[in-house]
2 protein chains.
Amino acid sequence: MVETKDPKTNEVYALLKDKIVSLQYMPGQILIVQHLSEKYGFSRTPVREALVRLRDEGLLEDADGRKFRVKPITWKLISDIYDARKAIEMLAAQTVAETVSVSQLQEMRTIVDEMQKNYDNHNFNQYFQSDLNFHNKLIELSGNEVLKNWMDRINDQQQRIRYLTTNLHSRIEQSMPEHYHIVEKLEQRDGKGAMEMVSQHLTLARADILSQRENGSFFGIQD
Amino acid sequence: MVETKDPKTNEVYALLKDKIVSLQYMPGQILIVQHLSEKYGFSRTPVREALVRLRDEGLLEDADGRKFRVKPITWKLISDIYDARKAIEMLAAQTVAETVSVSQLQEMRTIVDEMQKNYDNHNFNQYFQSDLNFHNKLIELSGNEVLKNWMDRINDQQQRIRYLTTNLHSRIEQSMPEHYHIVEKLEQRDGKGAMEMVSQHLTLARADILSQRENGSFFGIQD
DNA sequence: CAATAAAAAAATGTATGCAAATTTAAATTT
DNA sequence: AAATTTAAATTTGCATACATTTTTTTATTG
């Protein structure tokens with residue numbers, strides 16, 4: 001399928017978004033339309049439009065004058081994101097438990113099994129990816145379009161956070177089985193239970209990340 | 001404070017957004033950049049950028065070819081929105097109950113009193129506005145920036161829904177005291193209770209709106 | 001007539017020019 | 001030198017031109 005709508009804008013958008021979430025553009029950095037257009041060989045119009053989109057999506061913010069700045073990551077933002085995630089994933093888990101089909105349950109189980117495989121092989125980047133798949137699939141299976149959009153927004157920030165923080169393997173050790181517990185509750189069609197499991201999982205994950213605030217300073221995280 | 005960043009784009013954006021949420025542009029309608037730019041006297045560039053923003057915010061969607069369409073309102077969307085709202089407002093209520101200051105409680109009470117006044121005077125448009133204020137304030141007091149952004153998005157759709165559906169005064173009669181109950185739980189710093197009250201309130205509001213689906217067809221709502 | 005093809009018209013996406021705003025550098029004053 | 005003013009350079013937002021794509025209209029075929 002060929003992209004026919006705003007092909008250039010979409011290309012710069014994807015390019016810049018990738019650089020931002022992978023921290024090649026660091027939080028706080030100022031992005032200049034003219035520089036970007038020269039650097040990447042697009043005219044200023046699509047670059048400008050891409051930056052506006054990225055700002056509206058929360059990856060950039062307005063700086064003094066007319067500039068765009070890569071949005072800083074603060075401990076407060078991380079905390080807010082985890083709280084918000086918990087709220088929507090709890091809802092999703094309950095909904096899914098009450099409506100999920102057998103083949104959909106199989107999809108979930110395939111993903112956790114993949115997580116387990118990646119964990120066993122110590123492929124922690126792959127593990128992170130399948131962890132993301134797990135949570136996205138949960139939202140997707142809820143069928144709630146609004147949650148889906150919100151989750152997409154959050155995932156971009158989540159990826160930046162992921163790069164900025166350390167991944168304690170000890171936490172993954174705890175975290176891995178938690179995902180199995182969630183799937184089990186879904187399989188039992190236990191809405192309340194699934195909700196509770198998701199709540200626990202994300203409460204722990206949140207506490208783990210925030211605890212890193214004490215263990216020294218992290219380059220790129222403010223407060 | 002003068003708007004210095006993208007003044008034209010912001011102006012068209014605000015203009016078009018107002019027309020969309022007030023249903024002067026109906027769900028399903030196709031918006032043509034060239035027409036709008038001639039009609040309102042802007043060049044195509046700011047109009048185009050405004051449309052892209054509105055699409056990213058969910059008030060427009062991509063149509064065949066390169067067109068923009070005012071996003072249809074479906075019963076499914078209404079249902080999704082209420083579910084999503086419930087999830088984030090429950091979280092907000094709990095947070096607020098646990099952290100709220102005396103002066104903030106006063107702010108909440110001022111708003112419900114205003115609601116009551118509007119209700120007593122049968123100013124139902126004003127009532128709707130203060131109802132909106134109530135829920136926005138709850139989110140605002142939670143201090144969660146992510147929830148705040150999400151709520152802003154939802155409110156635009158909510159306003160369109162409001163215009164498309166009937167407001168049963170009988171429901172307002174029930175609804176009014178529910179807001180007082182929420183404030184009371186906040187005043188008692190009862191997080192769990194506040195959450196429960198919000199849940200009940202929104203569950204009922206959701207059911208009320210969706211029940212209208214049976215009572216005949218509503219122009220502009222699909223499914 | 002309906003269906004298809006061809007031609008004309010309209011609308012879009014992007015590049016670019018330009019005036020206005022902003023930033024940086026230089027000059028001037030304390 | 002530090003602070004202030006002035007001047008130069010840079011960058012932006014918007015209007016517009018133009019090539020390309022999409023849509024509408026007209027012509028042609030079965």
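At 40% relative accessibility, does B:R189 count as buried, exposed or partly exposed? B:R189 counts as partly exposed, where buried means under 20% relative accessible area, exposed over 50% and partly exposed in between, computed with a 1.4 Å probe on the protein chains only.

The structure is a predicted model, in which local features need pLDDT of at least 70 and side-chain atom pairs count only at pLDDT 80 or more, whereas totals for chains, interfaces and linings use all residues. Residues are numbered from 1 along each chain as its sequence is written, chains are lettered from A and ligands numbered from 1 in the order in which they are written, and side-chain values use heavy atoms, with hydrogens and water left out.

**View 1. The loops that hold A:R189 and B:R189.** B:R189 lies in the loop between α8 and α9 (191-211) of chain B, helices here being DSSP runs of H or I with at least four residues, strands being runs of E with at least two, and both being numbered from the N terminus. Its phi is positive, at about 55 degrees, although B:R189 is not a glycine. Most residues other than glycine have a negative phi. In chain A, A:R189 is found in the loop between α8 (169-187) and α9 (191-211), has a phi near 55 degrees, and is partly exposed with a relative accessible area of 41%.

View 2. Of the atoms of DNA strand D within 4 Å of the protein, 72% belong to sugar or phosphate and the rest to bases. One approach to a base is made by A:R44, whose side chain has an N or O atom 2.3 Å from a base oxygen of DNA strand D.

**View 3. The surface near DNA strand C.** DNA strand C is surrounded by 21 residues, the closest being A:K8, A:S43, A:K67, B:H35 and B:R48. Sugar and phosphate account for 73% of the atoms of DNA strand C that come within 4 Å of the protein. A backbone N or O atom of A:K8 lies 2.5 Å from a phosphate oxygen of DNA strand C, while base atoms are approached by polar side-chain atoms of A:T45, at 3.0 Å from a base nitrogen, and of B:R44, at 2.6 Å from a base oxygen. At least two residues of this surface come from each of α1 (7-21) and α3 of chain A and α2 (33-40) and α3 of chain B.

**View 4. The open sheet of chain A.** Three strands of chain A form an open sheet in the order β1-β3-β2, with antiparallel pairing, two strands being paired if DSSP finds at least two bridges between them. Because β1 (30-31) and β2 (60-62) stand at the edges with a single partner strand each, one side of each is left without a neighbour in the sheet. Strand β2(A) pairs with β3 (residues 68-70) over 3 bridges, and A:D62 stands opposite A:F68 in β3(A).

**View 5. B:E187 and B:M151 in their helices.** B:E187, in helix α8 (residues 169-187) of chain B, is partly exposed at 30% relative accessibility. Leaving aside neighbours within four places in sequence, B:E187 is in contact (heavy atoms within 4.5 Å) with B:L105 and B:R109. The side chains of B:E187 and B:R109 are joined by a polar contact of 2.6 Å, that is, a pair of N or O atoms within 3.5 Å, of which, within protein, one must be able to donate a hydrogen and the other to accept it, with residues adjacent in sequence counting only if both atoms are side-chain atoms. B:M151, in helix α7 (residues 145-164) of chain B, is buried at a relative accessible area of 1%, and among the residues it touches beyond four places in sequence are B:R85, B:E89 and B:H135.

Conventions. A residue is near a molecule or strand if one of its heavy atoms lies within 4 Å of it.
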